Amino acid sequence: MTEMVYGAVPAQRGEPILPKWWRTVDKWSLSCVLILSVIGLLLGLAASPPLAARNGFQPFHYVERQAAFGAMAMLAMLLTSMMSPTLVRRLSVLGFIGAFVALALLPFLGTDFGKGAVRWYSLGFASLQPSEFMKPVFIVVSAWLLASSQEINGPPGKLWSMGLCTVIVGMLVMQPDFGQASLVLFGWGVMYFVAGAPLLLLMGMAGVVVLGGTIAYSSSEHFARRIDGFLNPELDPTTQLGYATNAIREGGLFGVGVGEGQVKWSLPDAHTDFIIAVAAEEYGLILVMIIIALYASVVVRSLLRLMRERDPFIRLAGTGLACIFGVQALINMGVAVRLLPAKGMTLPFVSYGGSSLIAAGVSLGMLLALTRTRPQGEIGDILRGRG
Amino acid sequence: MIRTPLRPLARILPAREKGENPDAIERENIRRRHAEMQDRARVRAEGRLLVLGLFFLCAFVVVGGRMALMSTSEPAEPVASAPGAAIAMQRADIVDREGRILATNFETHSLYAQPPQMVDPIAAAQGLKQIFPDLDEARMIKDFTGKRKFVWIKKRISPEQQQAVHDLGDPGLLFGPREMRLYPNGRLAAHVLGGAGFGKEGVNAAEVIGVAGIEKQFDDYLRDPANGSTPLTLSLDLTVQAASEQVLAGGMRLMNAKGASSILMDVHTGEVLSVVSLPDFDPNDRPRPLLTGDPSDSPLFNRAVQGVYELGSTFKIFAAAQALDLGLVSPETIIDTSGPMKVGGYPIGEFHGKNYGKLSVKDVIVHSSNRGTGRIALEIGSERQKAFLGALGMFDPTPFEIVEARGAQPLIPKRWTDLSTVTISYGHGLSASPMHLAAAYATIANGGHYVSPTVLKRKGPQYGPRVMSAEAAKEARQMLRAVVTEGTASFGDVEGYSVGGKTGTADKPKPQGGYYDNKVIATFASMFPTNDPKYVLILTLDEPQIHALKEDRRTAGWTAVPVAAEMIRRVAPLLGLRPDVDPQRRAAITLTSSN
């Protein structure tokens with residue numbers, strides 16, 4: 001009777017959350033990420049004792065912290081990956097506002113930890129790098145704007161997202177943090193490319209990037225020294241790169257053996273920027289190849305899954321997230337093998353670092369949420385003769 | 001192409017006539033257009049995603065491939081680009097003005113091993129350890145007994161070492177010829193010479209390329225086989241350079257300075273006879289450039305040519321000389337230097353808060369009055385001041401022919417206000433290298449012509465455009481002489497050489513803005529002999545501090561001036577300058593006892 005008067009109680013449609021998640025999530029990519037973070041812990045066991053010794057902690061201090069952060073990151077990733085794309089978008093908009101404010105207040109409230117660039121908030125027990133969290137939420141918000149501009153009578157989302165991108169890149173360059181700035185710029189560029197950027201414009205942008213690099217080279221001494229170091233054919237064996245090259249060569253196919261590596265004692269950034277050199281030295285080419293394959297499969301699988309996607313927002317956001325993830329890994333490893341000039345960039349899930357780990361967890365969670373299998377209306381297309 | 005209209009009027013109008021709702025048709029039309037648009041976008045995106053996916057796949061494969069190449073590579077036996085091409089003795093020598101060798105080539109050998117050819121690798125490794133104690137024996141045994149076909153052992157060995165390796169008698173130990181650049185004088189003139197390193201390297205030969213200093217600036221000239229027999233002749237004088245370095249090193253230690261530089265320049269030709277920057281290095285064994293921290297702390301940094309500093313009161317003579325040249329003042333014109341004086345809202349003070357009252361222009365320079373110079377500069381005006389300093393070469397890097405000089409771009413204010421005019425008149429707010437100062441003082445010394453400083457030997461005077469009248473230059477020189485006889489540089493009087501000059505003590509700027517109150521750059525810019533100057537000497541000390549007469553003293557008069565005086569005392573005879581002996585004095589050494 002009640003139902004007849006007030007209408008049916010809205011019944012739970014569809015299946016419960018967990019089984020549905022397990023059925024639709026990209027299990028291969030998920031496994032790859034889990035394996036990567038296990039490898040990260042394993043390498044932390046090798047790479048961080050020297051750092052702990054330098055800072056006067058017990059040998060596995062940083063491994064324990066990495067494990068704790070890793071657990072948090074995995075939890076964040078799983079929770080995020082269960083969300084619906086709409087929820088991802090809404091939370092990202094909120095997160096974007098938060099990250100934007102945090103980034104803007106950085107010059108006043110942040111610390112530089114004596115490294116010359118104000119990038120962190122010191123929270124006592126840990127430090128927080130807002131730019132790490134800015135990347136995924138900026139990607140999602142930009143994707144939303146770009147997608148909305150593809151609607152009939154939609155807002156000028158391309159222009160807006162470009163404005164946001166410019167402001168954020170500007171703030172990151174002021175810190176200065178050219179690495180994160182170029183990642184943000186790259187993420188936006190890739191999304192704009194997939195959203196249908198005219199090819200002429202893309203070439204123009206490539207020109208602008210070259211010009212910007214030239215200007216940075218001539219105006220920033222810090223930057224110029226790194227480029228010179230890269231272009232110099234004579235590799236100075238006492239630089240970070242020299243040590244890394246030597247470590248990779250020492251490792252050979254099967255590595256020198258667990259705990260036998262030497263490079264971690266001479267490289268100050270062995271646990272972050274040059275962790276791949278530690279991996280190559282102790283475990284050999286085998287492990288490096290596995291790591292590369294894991295990153296490649298996450299990125300390429302995600303992109304292929306997104307090819308089927310019909311919703312422009314999901315397609316763009318997924319593309320942006322997958323690409324910055326992949327490019328970050330590429331740059332980190334490219335530097336170690338001297339394909340790219342030295343640039344401090346962490347290896348997602350493998351390098352030590354709380355902010356970077358949790359932010360990577362959140363952004364991979366978003367990516368997994370966006371690449372979940374969902375009905376794409378293929379049947380409708382067939383019926384209507386579209387395709 | 002047939003354009004479909006945005007509104008399907010052909011269907012709406014009949015529908016309206018039939019009384020149906022045309023909105024439904026329009027909505028349907030919009031939905032269709034939307035779906036078509038989405039389809040187009042999707043097809044395009046599919047293609048582009050595929051491109052992205054392929055790009056990432058390729059990039060990961062490239063990184064992986066490179067990693068595999070690196071990890072499986074044994075350093076292969078490098079083959080010289082031209083097999084057996086003897087490139088020894090190609091690079092031209094560098095000599096000083098008298099033809100004494102500063103840089104030459106030396107034939108030496110590299111040592112490498114081919115483990116498959118070795119008879120007894122263990123004994124060879126032990127023998128090598130005896131000859132080269134710095135080698136790692138365990139490592140060598142591992143290399144020699146492993147699968148490697150080629151191992152570099154030493155890039156450069158001496159003939160004695162080569163003989164010792166020969167005596168080991170192992171056929172797997174081989175030598176490759178190496179030409180190396182040798183600087184027989186060690187640290188002498190290190191910053192000018194710079195250094196050389198190996199470019200392309202093979203077993204049979206290695207290319208020698210200049211990496212800094214004159215070696216890099218004239219790399220093409222030095223490598224050109226056509227110049228093989230004609231050495232590059234510099235303006236430096238080896239003996240003067242050695243004496244300068246010795247005096248400066250001693251002075252730097254005595255004055256507790258962390259760095260020092262000196263430039264000795266011929267005022268007519270612009271030839272630099274000695275240029276020293278301390279701390280220095282040995283170009284035979286060039287230290288690694290610093291990757292972190294301030295590059296100016298590295299011994300590689302050339303303070304005389306590369307570093308730009310606020311040079312303090314040494315600039316005051318430029319304001320005085322220009323005012324004389326313009327006829328605004330004569331040396332006896334009285335200037336009111338009493339305080340307080342405010343420019344653009346900033347008070348202009350004197351050293352230690354002194355107040356000199358009314359001074360003649362000459363005394364303004366002698367007592368080094370900031371307010372007096374400032375008043376003269378305001379009289380001149382900023383436009384004329386700018387033009388004058390520009391003509392003295394203060395706005396561009398010096399044309400000094402070593403690569404580092406190009407980096408010494410003077411720092412000048414973006415907006416040249418009245419305050420800038422005043423502060424620059426006493427050497428603050430404009431940073432220039434000591435080499436700039438040397439060229440500017442040479443202009444006063446030679447009677448008003450700009451000369452560009454050079455490290456190459458010249459024949460005869462090389463006057464540039466006239467900057468001031470000979471008369472003004474002469475009066476300015478008399479003031480500089482008075483600074484030594486009765487002013488701040490009284491320790492600088494070297495008997496017989498009538499030294500004239502101006503001291504400058506500038507507070508060092510903090511990197512985060514503002515100035516240190518206990519760190520200074522002390523400069524003495526001098527010329528000798530004042531009545532007909534032949535040379536200028538610029539000497540700076542970085543953060544000097546001595547304890548004298550119960551006080552910590554940092555001013556140039558106490559630090560840079562005595563060192564400069566000692567340097568003049570040492571080098572003037574080497575330069576062939578005859579001391580101007582006072583004939584009256586001779587009476588003092590006539591016989592005093594007679595009976």
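This is a predicted model: local features need pLDDT of at least 70, side-chain atom pairs count only at pLDDT 80 or more; totals for chains, interfaces and linings use all residues.
Residues are numbered from 1 along each chain as its sequence is written, and chains are lettered from A and ligands numbered from 1 in the order in which they are written.

Reader: Glad to start with chain A: how many helices and strands does it have, and what percentage of its residues is buried?
Author: Helices (H or I, at least four residues) and strands (E, at least two) are DSSP runs, numbered from the N terminus. On that basis chain A has 17 helices and two strands. A residue is buried if 20 or more other C-beta atoms lie within 10 Å of its own, exposed if 12 or fewer, and partly exposed in between, with C-beta atoms placed from the backbone. Of the 387 residues in chain A, the buried share is 45%.

Reader: How do H3(A) and H5(A) run, roughly parallel or roughly antiparallel?
Author: Axes are lines fitted to C-alpha atoms, for helices over the stretch in contact, and angles run from 0 to 180 degrees between N-to-C directions. The axes of H3 (residues 27-47) and H5 (residues 61-81) of chain A come within 9 Å and cross at roughly 170°. Angles under 35 degrees count as roughly parallel, over 145 as roughly antiparallel, 65 to 115 as roughly perpendicular and the rest as oblique. The two helices, H3(A) and H5(A), are therefore roughly antiparallel.

Reader: And what does UniProt list for residues 28-47 of chain A?
Author: In the model this span is 100% helix and 0% strand, with its end C-alpha atoms 28 Å apart. UniProt positions are given in the numbering used here, and annotations may be inferred rather than shown by experiment. The unreviewed UniProt entry includes residues 28-47 of chain A among those listed as "transmembrane region".

Reader: Turning to chain B, which are the edge strands of the five-stranded open sheet?
Author: Two strands pair if DSSP finds at least two bridges between them. The order in this sheet is E9-E8-E18-E17-E16, with antiparallel pairing. Pairing on one side only are the edge strands, E9(B) and E16(B) (500-509).

Reader: How many of the residues of strand E9(B) are buried?
Author: E9(B) pairs with E8(B) (residues 259-266) in the antiparallel sense over six bridges, one of them joining Ala260(B) to Leu278(B). Five residues lie between the strands of this hairpin, where Gly270(B) takes a positive phi near 80°. E9(B) (residues 272-278) is largely enclosed by the rest of the structure, because its buried residues number seven of seven.

Reader: One last thing: which residue takes a positive phi just after H12(B)?
Author: H12(B) (residues 370-380) is mostly covered, with nine of its 11 residues buried. Among them are Asn370(B), Arg371(B) and Ile380(B). Just after this helix, a positive phi of about 95° belongs to Gly381(B).
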